Amino acid sequence: MAHTALAGPQSKRQSPLLSFSTLFPYLLLLPATLLIVSLIVYPLATGLFISVTDRSLVSMRMNIVGLRNYIRLWQDPVFLEALKNSVIWTIYTVGAQLLIGLPLALLLNARIRGRGAFRTLLLMPWTMPTIVVGIIFTWLYHPVVGYLNYVGHLLGLPKIMFLADVNLALWSTGVPVIWRGLPFVMLLLLAALQGIDRELYDAAAVDGATPWQQFWSLTLPLLVPTLRVLILMEVIWMFNLFDMVWILTKGGPGNATQLLATYAYYKAFFEFDLGYASAIGAVIFVLMIVFSLLFVRVSTRQV
Amino acid sequence: MSTMARIRQIDRRDADDWPIDRSARTSIQRRLRSVAWYAVMIVLLLLMLMPLLIALSSSFKPSSEILRYPPTLAPKRATLDQFVRLLSARQFPIYVLNTIVVGLVTTFLSLLAGSLAAYSLAQFKFRGNAIFTQSIVLLYMFPPVLLVIPLYLTIVSFRLQDTLYSLILAYSTFALPFTIWIMRTFFEGLPSELRDAARIDGCTEMGVLSKVILPLSLPGLAAVGAWSFMSVWGEYIFAITFINTDRFRTVASGLNGLVGQVSLDFGVLLAGSVLAIVPPILLFFVAQEYVLEGLTAGAVKG
């Protein structure tokens, strides 16, 4: 029996205990399984089921409508805009976090006294609740009392409507998300950098490699495993993101910052169309599964 | 070895040979290099922490100064006006209390159910182990927005809307899988001989768990607990959806209620923000190693 292999030879002699020790790991799993099934699996299955119904938040009647919600999605210009925004948003926020996080990690990897204190202080934004970051940036962006417009004024720039300008809102909304997520990216990359054997750099220096060459042909390839996990996680988080956008713009102005998650939430709790909202949620989920499978396949093949 | 422990160890190792930087030829070059490093780091740090610092300093300004243009950097006349307004006229202390209750109960429940499950997954071979472990990873991919709708319906059907129970249940949906995931890697790090040795000495399986494994896993439990409490503290989507009555709001949804008002009262909002940062920052500085441990372990092993 496969499951007795770990228990060792003694347990075979204690036959009354055998049945208990066979069941023991399952007993340990029981409370968590009950919670997960009732709080996650069952609701999610319900959610997928609701997506093929016309369930509404304000009435009890419910009919199965098949794929009608999904067909409506592709005729809905707001959904298509939200889909486009979500893709741009994900590339923008994940890309910016990596492009800023990597140089920061490289700087923190320098062999200089006191770097531990800098590292701790740089991690602080990550500890802040999203609503607090949202409030602070709403205030900094404010067209009248905001600091950013004051700084812009000092630099001779015209007044900028960070959150009200259709062309700017998505980019402005991304800044607090990037700001808050940056420390995490930085820390993971730093951990990976510190795992690189220093002898390799000494050997490369002896061979006459410039720091730039060392970075491209030594550091970066060795960071690939960490980058792979990091990108996968960040893409899932950013594509699912709801809170910061809801706090700052609620998807506006117009639908300039409408993401799939905010649109689903709006449809569910402001237009009470639970079937349609669940269909959007299901689309997010399917897209993330497809992305993860493709990403894992492509990124492991190259290395 | 765990990520944070490795970072610390490398800090210590480097501290021993800081004077011998092999790539810098002369001591002047070395000194210039470290001066440049400090300069760059201080500028970056100021840039990074600027939003926090300005918010902090402005929360001590009187209302007239917050609205003044051009804005001032430091308060001309420091006052606790905004904090007094926040704490006297609003239900902020109740929000704090609610959040602490929800945070502690959620954390306790997830630690209890989650570490039992993690122990089982890490230390026993049985049918279904791999599938269970993989489905925990899959749970990360579910969009919260897909979960919030059916969970809301469930909560309503049990008449739990507008109670703290609804939040405890909702928050377990992320605290529990995270706890299982982190504690599993933690338990895998414990030598399996421990269990065998204790069993040979006549310990029952429950005895092994409570007398041998539990004391050893306190650092891991602290890490997950700190992380879980911090996530609950800042959680937003369930908090604004499940609670409509002011006296059941958490800090996040309470502050959100203040943002929703027609004219933004930045004084009160900033004071609330500053107070809302204190617990997670304290937790972070007290338990930094643990918090980061949970975070990076979850990511690196994921």
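Helices here (H or I, at least four residues) and strands (E, at least two) are DSSP runs, numbered from the N terminus. This is a predicted model, in which local features need pLDDT of at least 70 and side-chain atom pairs count only at pLDDT 80 or more, while totals for chains, interfaces and linings use all residues. Residues are numbered from 1 along each chain as its sequence is written, chains are lettered from A in the order in which they are written, and side-chain values use heavy atoms, with hydrogens and water left out.

**View 1. Phe238 and Phe242 of chain B sit about one helical turn apart.** Both belong to helix α12 (residues 237–242) of chain B, and being four residues apart there puts about one helical turn between B:Phe238 and B:Phe242. B:Phe238 and B:Phe242 are both buried, where buried means under 20% relative accessible area, exposed means over 50% and partly exposed is in between (1.4 Å probe, protein chains only).

View 2. Rings of Phe, Tyr and Trp (its six-membered ring) pair if their centres lie within 6.5 Å; planes under 30 degrees apart are stacked, over 60 edge-to-face, and the rest tilted. By that rule there are 37 aromatic pairs over all chains. B:Phe178 and B:Trp227 are both buried. For another pair, go back to B:Phe238 and B:Phe242: their ring centres are 5.5 Å apart with the planes at 50°, so this one is tilted.

**View 3. One aromatic cluster takes in rings from chain A and chain B.** From chain A come A:Phe242, A:Trp246, A:Tyr265, A:Tyr266, A:Phe269 and A:Phe270. Chain B brings B:Tyr152, B:Tyr171, B:Phe174 and B:Tyr236, along with B:Phe238 and B:Phe242.

**View 4. Chain B against chain A.** Counting contact as heavy atoms within 4.5 Å, 109 residues of chain B touch 97 residues of chain A. Chain B and chain A bury about 9600 Å² between them, 78% of it on carbon and sulfur atoms; buried area is the accessible area (1.4 Å probe) that two parts lose on being put together, summed over both. Helix α2 (residues 27–58) of chain B gives the most to the side of chain B that touches chain A, with 15 residues. That side of chain B splits into 81 nonpolar, 15 polar and 13 charged residues, with Ala, Val, Leu, Ile, Met, Phe, Trp, Tyr, Cys and Pro taken as nonpolar, Asp, Glu, Lys and Arg as charged, and the others, Gly among them, as polar.

**View 5. B:Arg85 reaches B:Asp265 in a salt bridge.** The closest N and O atoms are 2.3 Å apart. B:Arg85 lies in helix α4 (residues 81–89) of chain B and B:Asp265 in the loop between α13 (251–259) and α14 (266–286) of chain B, so the pair ties together parts that are 180 residues apart in sequence. B:Arg85 is partly exposed at 30% relative accessible area, and B:Asp265 is partly exposed at 24%.

**View 6. A:Lys267 and A:Glu271 form a salt bridge.** Here the closest N and O atoms are 2.6 Å apart. A:Lys267 counts as buried at 11% relative accessibility, whereas A:Glu271 is partly exposed at 38%. The whole structure has five salt bridges over all chains.

Technical notes: A salt bridge is a side-chain nitrogen of Lys or Arg within 4 Å of a carboxyl oxygen of Asp or Glu.
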